[in-house]
Amino acid sequence: MTLQPVIVGAGPAGVRAAQALAAAGVRPVVLDEAPRAGGQIYRQPPAGFTRGKAKLYGSEHRKADAIHRAMDLLADKVDYRPGSLVWNCEGGVLDVVRDGVADSVPFSHLILATGAADRVLPFPGWLTPGVYTLGGAQVALKYQGCVIGAHTVFLGTGPLLYLVAYQYARAGARVAAVLDTSRFADQLAALPGMLTAPALLARGVYYMAWLRARGVPIETGVRPLEVQGTERVTGLRYRNGAGREKQLDCDAVGYGLALRSETQLASLAGCEFAFDARDRNWLPRRDAAGRSSVPGVYLAGDGAGIAGADAAELAGERAALALLQDARLPSDQARAQRLEDRMIRIDRVRDALERAFPFPADWSIADDTMLCRCEEITAGALREVARSGAATELNRAKALTRVGMGRCQGRVCGAAAAEVMSQALGVAPQAVGRLRSQPPVKPIPIQLALAKEARR
């Protein structure tokens with residue numbers, strides 16, 4: 001069999017995987033949805049952008065520069081195809097759209113380094129113009145050189161909440177407040193675990209102290225009540241940790257409850273999944289090297305489980321070494337073991353981070369709140385089919401209500417739908433199953449999908 005390795009994603013995991021394969025004399029195809037390598041965390045601005053990397057990436061600018069330089073040095077060693085949206089995986093072939101043109105990319109081995117996206121839960125007003133995910137707010141700043149509002153509230157939980165607020169304030173934007181759904185007691189309880197990663201702990205403490213020193217209010221234990229405004233955000237009502245209702249004037253909200261893995265392509269590739277209690281998500285099964293349940297398919301980075309950029313670099317290289325070994329090519333197995341040992345240490349830190357920024361399991365979603373914005377399905381409509389006994393599993397509920405059938409294919413509403421159903425049925429989230437992925441995993445021109453169907 002001819003070796004045809006393909007890597008999907010050119011973030012930290014994808015770049016390090018490509019680097020390891022190229023070092024072994026293997027030329028992989030690298031499919032990247034973005035126009036330039038770096039992934040979401042090290043997203044590069046367009047050519048000619050004048051802000052330096054130190055301002056764009058803060059304390060992580062050296063890591064960002066290392067990833068960018070590594071990819072630049074691979075220019076003649078890999079087949080890099082930026083601007084490539086992979087929307088299907090079937091029979092050893094990836095369906096891709098690039099510059100509006102359909103293409104099929106066959107593979108013998110596949111490394112999925114698909115990254116992660118913001119996890120959100122609905123609340124009244126969350127679809128008001130001016131509400132962005134934390135990742136979206138970060139894209140606006142890094143890639144477009146603009147901010148989402150002149151007076152922004154950042155809401156949610158997880159390290160990204162403080163990072164984005166810090167990046168905005170440092171860029172000169174006015175940050176109205178940082179509202180964390182986790183409690184100070186959660187962060188205090190996680191301190192012993194965080195002491196094993198002093199640099200990460202120091203960075204987080206620095207972000208918080210820097211924001212406070214510049215007059216940015218930080219509140220913990222918050223639950224949002226309502227985004228105010230109709231044509232545009234005008235304010236935010238919330239309940240603070242002491243249970244008191246408060247209101248803030250603002251013209252934008254950056255929002256996110258940590259991250260969730262992008263697993264759609266792994267699902268279409270036929271990978272087995274298992275529920276991960278820490279991520280509160282169904283994740284593709286993999287071994288320590290990144291091998292999935294499907295021979296020749298490997299998983300690396302946050303697309304296989306949230307662990308952060310440093311772990312993604314290690315996992316990308318480790319998956320590439322596993323690919324080389326499975327293809328009976330020389331691979332440094334001593335190096336592979338060292339990578340696994342380092343990933344285990346990072347995984348312990350991730351346990352501490354989850355303790356510091358837990359998922360708000362008590363989040364309440366009113367019946368009249370829009371749950372699935374693509375199909376305009378309310379939380380009440382989903383609860384009704386659950387409580388009536390018509391559906392006890394997500395895919396049955398999807399068939400009855402159309403939740404998750406829209407343009408996002410459940411990428412936005414899937415997590416919330418699982419929470420609503422599990423609460424309505426009085427069962428754990430894993431008991432309601434997961435939405436099965438269907439192509440296209442992201443919106444594509446309809447004529448391309450029809451052409452694909454016609455060729456079958």
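Two strands count as paired if DSSP finds at least two bridges between them. Keep in mind that this is a predicted model.

**Exercise 1.** Work out the strand order of the open five-stranded sheet and find its edges.

Solution. Step one: the order reads 9-16-10-11-12, and the pairing is parallel. Step two: look for strands that pair on one side only, and you land on strand 9 (131-133) and strand 12 (218-219).

**Exercise 2.** Zoom in on strands 10 and 11: how many bridges link them? Then find what packs there.

Solution. Start with the ranges: strand 10 covers residues 151-157 and strand 11 covers residues 174-180. The two run parallel, with six bridges between them.

**Exercise 3.** Which strands does strand 7 (residues 109-112) pair with, and are its two faces buried or exposed?

Solution. Take one partner at a time. Strand 1 (residues 5-8) runs parallel to strand 7 and is joined to it by four bridges; Ile7 has Ile111 as its bridge partner. Strand 20 (residues 297-299) is also parallel to strand 7, with three bridges, and here Leu110 partners Val297. Last, check the side chains' surroundings, with buried meaning under 20% relative accessible area. His109 and Ile111 on one side are buried, and so are Leu110 and Leu112 on the other, leaving both faces of strand 7 covered.

How values were computed: Residues numbered from 1 in each chain as written. Predicted model: local features only at pLDDT ≥ 70, side-chain atom pairs only at ≥ 80, totals over all residues. Heavy atoms only, no water. Contact = heavy atoms within 4.5 Å. Axes fitted to C-alpha atoms, helices over the stretch in contact; angles between N-to-C directions. Buried < 20%, exposed > 50% of the residue type's maximum accessible area, 1.4 Å probe, protein only.
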